[in-house]
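Happy to walk through this one with you. Let's take the labels one at a time and see what stands behind each of them.

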Amino acid sequence: MSKYLTLLILSVGMVFVSACGDSRIHSHGVYMLVDTSGTYDQEMNKASKIINYLLATLNPGDSLAVAKVETRSFTEKDIIAKVTFDKRPSQATSQKRAFKTSIEAFTKGIKGSAYTDITGGLIQGAEYLNETKAGIKTIVVFSDMQEELGKGTIRNFPIKLNGIRIVALNVTKLGADNADPRRYLDRLARWEASVRKAGATEWVVVNDLDNNLESILITR
Amino acid sequence: MTTWNSWLFWPNNVAFSVLTLAVLAMLFLYAARKPMHGVIHSVCELLSQSTRFIARWLFLCADNLRLRNQSVLLAQGQESAATVIDREFERVGNMIRKDMQEFPALQRKMMEETTRIEDDYRKCGEVPPPPPEWVSALESVAQIKSGGDIPRKLLEDINKSIQKIHDKTVAEFRRSYEERHKILKAMQPSWRSVEKMIGEMEKKMLTLQTNAKQIDGHMGKLEGIRAKDNKTEHALTVSAFVQLAISSLVMVIAMGGAFINYKLIALPMSEMVGASDYITNNLKASDVAALVIILMEASMGLFLLESLRITQLFPRIASMDDRMRHRLMVASLTFLIILAAIESSLALMRDMLIADKASLMRDLAAAAPPVSDGLLTSIPMIGQMVMGFVLPFALAFVAIPLENVVYSLRTVIGVVLVQTMRGIGFVLRFAALLFKRLPKVLELAYDVTIVIPLMIERWVIGMRADSTADSTGGKELAKSVRAA
């Protein structure tokens with residue numbers, strides 16, 4: 001009898017031990033790209049609201065990074081703030097406060113960039129998210145999705161976004177889009193095809209920032 | 001369609017093909033009639049026998065289980081009744097011991113009171129007035145024959161003396177009565193005291209009598225159990241059902257308390273074990289830790305009640321010597337207090353965490369902080385802390401209904417199992433009966449499909465019988481003609 005009891009305890013213990021090891025699987029990693037190009041830098045207030053929403057929604061153990069989309073965005077220098085929240089809720093709250101402060105400082109001194117390298121930002125975001133080993137990875141692109149690459153910037157190669165959700169936020173219509181809506185629709189379709197080809201699990205476009213913010217984060 | 005066509009001999013002439021097929025089938029079925037009847041009989045017999053066998057086995061098992069349940073139930077009832085009687089005897093013993101201790105003093109007091117009353121009674125005995133000696137003197141004076149002033153003077157003197165003595169005697173008599181009345185008045189408290197003592201004794205005797213009646217009732221129950229009385233068994237079974245229902249209700253209420261308790265400590269536990277650690281896909285480590293704390297509190301409560309001998313789930317604790325039991329009681333109570341204190345502090349931490357998160361949310365939403373009324377806002381916090389401290393102790397008492405559930409559940413499950421087995425047994429016996437009658441029905445149904453060959457068979461047999469009868473009749477006629 002005691003033999004069976006010991007076996008039972010051991011097996012239950014092994015199940016618990018094996019299950020406890022992968023806590024990161026349940027965590028959420030979010031990398032937010034903020035377009036700061038000339039046509040888009042007026043939208044920073046909205047970007048701040050989105051960041052605040054993310055701060056309010058993410059839980060202890062989750063990771064968040066906010067980076068700007070510059071002329072060439074594949075660099076860590078473009079990351080404005082990044083944090084992996086502590087497992088303890090009180091510490092996580094303090095980290096969120098500090099994060100908010102750094103974002104506020106950034107929004108005050110923002111400078112518009114000449115070009116918009118979204119693809120570079122996506123590659124950088126994927127790199128960051130893969131490092132976090134988060135269970136759910138999301139890249140939020142706060143941009144009009146009009147990519148303009150500077151001279152010498154090469155982005156026409158296949159990229160890897162395996163297991164990452166891509167959420168395009170506040171994709172505003174440009175002046176030319178109004179004249180010919182096909183341009184806007186083609187742009188979105190092109191991006192969707194491009195990220196799906198790169199291995200992204202999901203492509204979501206959210207333009208109603210007042211009512212549809214829940215779509216940014218997948219529910220656990 | 002192709003399959004159907006493949007069965008037709010002449011696909012162009014479906015009706016004729018079907019008819020041919022039917023005739024062939026009929027012929028085959030007619031030829032296979034006897035073996036088919038045999039198969040039907042054998043299969044139904046087999047099924048009938050098997051179901052009857054299983055039904056019998058189930059009834060036998062149900063009877064065995066019922067006997068086992070009965071023995072367990074009666075043993076439990078006997079133990080319970082014996083415990084109750086034991087406690088009643090202990091109570092009566094205590095009462096008698098206490099009262100008997102008081103009895104010598106009471107008796108002495110009553111004797112003293114009685115002696116005092118007796119003395120007083122003696123004292124207040126009526127003292128008769130002294131006999132009137134002057135009556136004889138008066139008679140002597142009356143016998144003096146010579147008249148004159150002497151007798152008159154003498155009588156006047158006597159009268160005066162008598163009057164004087166009479167006044168004195170009356171005064172003495174009155175004083176004596178007054179004294180006796182005083183004594184009688186002084187006797188009143190003694191009487192009252194005696195009356196009170198008798199009243200007390202009567203009350204105690206009445207309590208003893210009530211206890212004796214209760215013991216009689218329990219003894220009757222115990223006798224019924226010993227005699228394996230059906231009525232007692234039924235009463236015990238019903239009692240088990242009632243106990244289970246009541247205990248389950250209390251357990252549900254306790255589970256509600258435990259849930260509130262869990263809600264109080266789940267969030268702050270994430271501060272200790274981490275909010276992002278998961279044990280399984282949906283089970284957070286902090287939730288499990290909170291649950292473990294609650295279960296530990298319940299366990300400590302269980303040990304506390306066990307060591308207090310309120311419950312008897314662990315015979316080893318019940319059989320411990322008093323010193324060890326006392327130590328266990330102190331240890332479990334200490335752990336319970338520590339856990340309650342931890343829970344109280346966790347409740348405080350929960351309030352702080354929620355306040356911190358609310359403050360962050362306000363910052364993120366750029367909203368103004370709410371106007372706080374110090375006393376009013378701290379009421380929920382104090383309430384949570386008090387609840388956090390009190391709930392573990394309340395949860396400790398769950399051991400009592402738990403014990404009842406454990407003991408009564410065995411009886412209830414046993415009864416349900418017996419009834420289920422009997423129900424299945426009945427269904428199987430009914431099925432056996434059906435299988436016994438089924439071959440006849442199936443045979444008839446089989447014969448319906450080959451009704452034409454059967455009719456021909458009957459006609460042929462009839463023809464043969466007739467020809468046989470005719471030939472027999474002809475022979476008999478020839479014999480009779482020959483004889484004539």
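Q: In what order do the elements of chain A run, and what makes a stretch count as one?
A: From the N terminus on, chain A reads α-β-α-β-β-α-α-β-β-α-α-β, which comes to six helices and six strands. Helices (H or I, at least four residues) and strands (E, at least two) are DSSP runs, numbered from the N terminus. A word on the source: this is a predicted model, in which local features need pLDDT of at least 70 and side-chain atom pairs count only at pLDDT 80 or more, while totals for chains, interfaces and linings use all residues. Residues are numbered from 1 along each chain as its sequence is written, and chains are lettered from A and ligands numbered from 1 in the order in which they are written.

Q: Why is B:G301 called buried?
A: A residue is buried if 20 or more other C-beta atoms, placed from the backbone, lie within 10 Å of its own, exposed if 12 or fewer, and partly exposed in between. B:G301 has 26 other C-beta atoms within 10 Å, so it is buried. This glycine is found in helix α7 (residues 285-307) of chain B.

Q: What is B:G301 in contact with, leaving aside its neighbours within four places in sequence?
A: Its partners are B:L336, B:L395, B:A396, B:F397, B:V398 and B:A399. Two residues are in contact if their C-beta atoms, placed from the backbone, lie within 7 Å.

Q: What makes strand β4 of chain A mostly covered?
A: Seven of the seven residues of β4(A) (residues 136-142) are buried. A:I136, A:T138, A:V140 and A:F142 point one way, A:K137, A:I139 and A:V141 point the other way, and all are buried.

Q: How do you know that β4(A) pairs with β1 and β5 of chain A?
A: Two strands pair if DSSP finds at least two bridges between them. Seven bridges join β4(A) to β1 (residues 28-35), running parallel, and six join β4(A) to β5 (residues 164-169), also parallel. With these counts, both pairs meet the definition. A:V140 stands opposite A:M32, and A:K137 stands opposite A:I164 in β5(A).

Q: Which residues touch the most other members of the largest nonpolar core, and what makes a core?
A: A nonpolar core is a set of buried Ala, Val, Leu, Ile, Met, Phe, Trp, Tyr and Cys residues joined through C-beta atoms within 7 Å. The largest has 44 residues, and A:M32, A:L33, A:V140, A:V141, A:F142 and A:I166 touch the most other members. Apart from it lies another core, of 29 residues, including B:I265 and B:L339.

Q: How do you know that the length of α3(A) agrees with its number of residues?
A: The expected span of a helix is 1.5 Å times one less than its number of residues. For the 20 residues of α3(A) that should be 28 Å, and the end C-alpha atoms are 29 Å apart, which agrees.

Q: Why are the buried residues of α3(A) said to line one face?
A: The buried residues are A:P89, A:A92, A:T93, A:K96, A:F99 and A:I103. Seen down the helix axis, they fall within an arc of 120°, so they line one face of α3(A); the arc is that of the directions from the helix axis to the C-beta atoms. The face turned away carries the exposed residues A:A98, A:T101, A:A105 and A:K108. The buried residues pack against α2, β2 and β3 of chain A together with α6 and α9 of chain B.
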